[in-house]
Amino acid sequence: MKKIIYYFTCILSWLVIVFIFAAIRTLIVGGESNFGFWYDLGKAVVNIPLWIITLGIVLYSRPYLYLLVFEKKRAYNQTTAAICFGIGLVLLVLSAVINLLI
């Protein structure tokens, strides 16, 4: 049962971080369209590089989530988290460059 709670906590934290980053991006960039804030937020939420960056953040925070749920420490390899974060940043920069060129 605790394993289900642990995975649910990982997924829920990923979703929360995605929505927080998308809301920050929407507030910083401003209204790109005439349809309003919620439309721009929806466009920001489906940004794949943002998903990969937040996946890296959640993978990095796995030991803390494990400690929160199971109340004991466990070490995880952070290489995957760094790779996800790096790939997400590269994709985000490339999409920004492509949008500037178009």
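Colleague: Why are helix 1 and helix 3 called oblique to each other?

Modeller: Helix 1 (residues 2-29) and helix 3 (residues 48-60) pack at an angle of about 130°. Angles under 35 degrees count as roughly parallel, over 145 as roughly antiparallel, 65 to 115 as roughly perpendicular and the rest as oblique, so these two helices are oblique. Please keep in mind that this is a predicted model, where local features need pLDDT of at least 70 and side-chain atom pairs count only at pLDDT 80 or more. Residues are numbered from 1 along each chain, and side-chain values use heavy atoms, without hydrogens and water.

Colleague: Which residues of helix 1 and helix 3 meet?

Modeller: Among them are W14, I17 and F21 in helix 1, and W51, L55 and V58 in helix 3; contact means heavy atoms within 4.5 Å. By class, this contact has 12 nonpolar, 2 polar and no charged residues.

Colleague: What makes the pair of Y66 and Y76 edge-to-face?

Modeller: Rings pair if their centres lie within 6.5 Å; planes under 30 degrees apart count as stacked, over 60 as edge-to-face and the rest as tilted. The centres of Y66 and Y76 are 6.3 Å apart and their planes stand at 75°, so the pair is edge-to-face. Y66 lies in helix 4 (residues 62-70), and Y76 in the loop between helix 4 and helix 5 (79-101).

Colleague: How do you know whether Y66 is buried or exposed?

Modeller: Buried means under 20% relative accessible area, exposed over 50%, partly exposed in between. Y66 has 12%, so Y66 is buried. Y76, at 17%, therefore counts as buried too.

Conventions:
Axes are lines fitted to C-alpha atoms, for helices over the stretch in contact, and angles run from 0 to 180 degrees between N-to-C directions. Helices (H or I, at least four residues) and strands (E, at least two) are DSSP runs, numbered from the N terminus. Ala, Val, Leu, Ile, Met, Phe, Trp, Tyr, Cys and Pro count as nonpolar, Asp, Glu, Lys and Arg as charged, and the others, Gly among them, as polar. Rings of Phe, Tyr and Trp (its six-membered ring) pair if their centres lie within 6.5 Å; planes under 30 degrees apart count as stacked, over 60 as edge-to-face and the rest as tilted. Buried means under 20% relative accessible area, exposed over 50%, partly exposed in between (1.4 Å probe, protein chains only).
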